[in-house]
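Let's take a walk through this protein together. We'll start with a single residue and then step back to see the whole chain.

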Amino acid sequence: GDTTSSLNTLIVNWSSTDYESGIQEYQYQVAYDNGNARGNLKEVTPWISAGGQTELVIRLDKQLLPGKKYFVLVKAKNGVGMWSNVGRSNGIELKDPTPPSKISFSQTGRKKGNIDYVIMLTDSSLSASWYSASDPESGIIGYLFALGTTEGASDVISWSAVKSTSFTLDKTQLNKLLNIKLQKNATYYFSIKAMNGIGVVGEAAYKAVVVN
């Protein structure tokens, strides 16, 4: 098909013949169209031997990128060691071509200086709320949040899933997630990003918060 909902799996089949010495081996490579005018492909994998197989389920280490068309390139070697020209599949894209929108934080809550306290953090609780993200193709199925010592980092709380646009963690819940102990009056960075209906994650937004 033209599109797929799988984030890291491609299914491909091909055929080749050599009436004189037969086919000894196939090799394949995954690449995507990088969108330049020359039509060059960006490699996703190196050339990999498929042995004598002509149908594969390829599981990639990295997820497919939205808006990119992926191809499987295949070449055949005959019984005397000669390689064929490279064949290319018809190409496939993620069903949802765009990631979710970047999240905006709610403007309600207490403020101190230029820090918006819609994110409330103490040594015994964490509360957060934000405006919902949007994805017109497959919708939003949830969010991922993290807490770090720098912008976008997740060294204090690793990326964790929530389904709604607000949550509150009590002391027990917070302590289960903390990788390090919170320091009083220290500044940390709360990050949040949305996930759409096929599992593609959008760009993270972050906000500074001081431990009360």
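**One residue, then the whole**

Gln 27 has a relative accessibility of 16%, so it counts as buried (under 20% relative accessible area, with a 1.4 Å probe and protein chains only). Before going on, note that this is a predicted model, where local features need pLDDT of at least 70, side-chain atom pairs count only at pLDDT 80 or more, and totals for chains, interfaces and linings use all residues. Residues are numbered from 1 along each chain as its sequence is written, and side-chain values use heavy atoms, with hydrogens and water left out.

So where does Gln 27 sit? You'll find Gln 27 in strand β3, which covers residues 23–33; strands here are DSSP runs of E with at least two residues, while helices are runs of H or I with at least four, and both are numbered from the N terminus. Leaving aside residues up to four places away in sequence, Gln 27 touches several others, including Trp 47, Leu 73 and Trp 83; a contact means heavy atoms within 4.5 Å.

Now zoom out. The protein has one helix and 18 strands. Of its 212 residues, 39% are buried. Among contacts with a separation of 6 or more, 64% link residues 24 or more positions apart.

As for overall form, picture the C-alpha atoms filling a box of roughly 80 × 35 × 30 Å along the principal axes. The radius of gyration, taken over C-alpha atoms, is 24 Å, whereas a compact globule of 212 residues would come in near 17 Å; that globule rule is 2.2 Å times the number of residues to the power 0.38.

Notes:
Buried means under 20% relative accessible area, exposed over 50%, partly exposed in between (1.4 Å probe, protein chains only).
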